[in-house]
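Welcome! Here is a short tour of a protein model, written for someone meeting it for the first time. Please have a look at it before reading on.

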Amino acid sequence: MKWLIGFLIVLVLVGAGVWYVLTQPPASVDVAEEEVDVAEEMGTRSVTLYFGRADAQGFLTESRTVATRRHRDEEIELVIGELLRGPRSQRAVSAFPRGSRLRNAFFDTQQRVLYLDFNAALVANLNPGSASELALLGSVLRTIAIDFPEVESVQLLVDGLEIETLGGHLDLTRPLRTGDWL
């Protein structure tokens, strides 16, 4: 009987060891190094960002350098990230409300529609009034139009869902054509 209990204990330990080895993720040191090398090989490019003027009289542009990526969606996320960081000039202001964050960008190459999915702060913290909506949309759509001419229209999403409007003034139920905002 003792040998049976001993055998079962050994069997359980061996089984646990096999399970542990099989469930561990593969070492990723080489993969991470490869990904960094790919990003470095892709290079950088200059982009033009549009920010609202502090005096509310149109837009100012700023140039920034971003890393180029193999996938256009990733590059667009970097550019929108720069918009979210805000302007460097004192003469410009960011149109994005406090706490806004881009969750995801997806470019449908066949329809030429860019989907930008933001968190709920985009709507919840937006200053009231049509001027805030126009400034935010103008900033995003002008930047996309200049830096990504292959994008014909942009659909804004919040938490993965289509929205009717940002603040009640402009219809966002369908994609907005980038060319209409230049």
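In what order do the three strands of the open sheet lie? The order is β2-β1-β3, and the pairing is antiparallel. This is a predicted model, in which local features need pLDDT of at least 70 and side-chain atom pairs count only at pLDDT 80 or more, while totals for chains, interfaces and linings use all residues. Residues are numbered from 1 along each chain as its sequence is written, and side-chain values use heavy atoms, leaving out hydrogens and water.

**Confidence**
- The protein chain has a mean pLDDT of 84 (pLDDT is the predictor's confidence in each residue, from 0 to 100), and 77% of its residues reach 70 or more.
- Over residues 10-41, pLDDT stays under 50; for this stretch the model has three contacts (heavy atoms within 4.5 Å) beyond four places in sequence.

**The sheet and its helices**
- Helices (H or I, at least four residues) and strands (E, at least two) are DSSP runs, numbered from the N terminus, and two strands pair if DSSP finds at least two bridges between them.
- In the open sheet of three strands with the order β2-β1-β3, the edge strands are β2 (59-67) and β3 (92-93), each of which pairs on one side only.
- Strand β1 (residues 44-53) is joined to β3 by two bridges, and R53 stands opposite A92 in β3.
- Helix α3 (residues 72-85) packs on the sheet, where α3 touches β1 and β2; its direction makes about 40° with that of β1.
- Helix α5 (residues 130-147) lies across β1 and β2 and runs at about 155° to β1.
- Axes for these angles are lines fitted to C-alpha atoms, for helices over the stretch in contact, and angles run from 0 to 180 degrees between N-to-C directions.

**Two residues with positive phi**
- A56, in the loop between β1 and β2, has a phi near 60°, a positive value in a residue other than glycine.
- D159 is not a glycine either, yet has a positive phi of about 50°; D159 is in the loop between β6 (153-158) and β7 (161-162).
- At 39% relative accessibility, D159 counts as partly exposed.

**The largest pocket**
- The volume of the largest pocket is about 340 Å³.
- Among the 21 residues that line this pocket, G52, A95, A131, S132 and A135 are the closest to its centre.
- A pocket is an open set of points on a 1 Å grid over the protein atoms alone, where a 1.4 Å probe fits, with protein on both sides within 12 Å along at least five of seven lines; lining residues have an atom within 4 Å of a point.
- The largest share of the lining, six residues, comes from α5.

Terms used. Buried < 20%, exposed > 50% of the residue type's maximum accessible area, 1.4 Å probe, protein only. Points joined across faces, edges and corners; volume = space filled by probe spheres on them.
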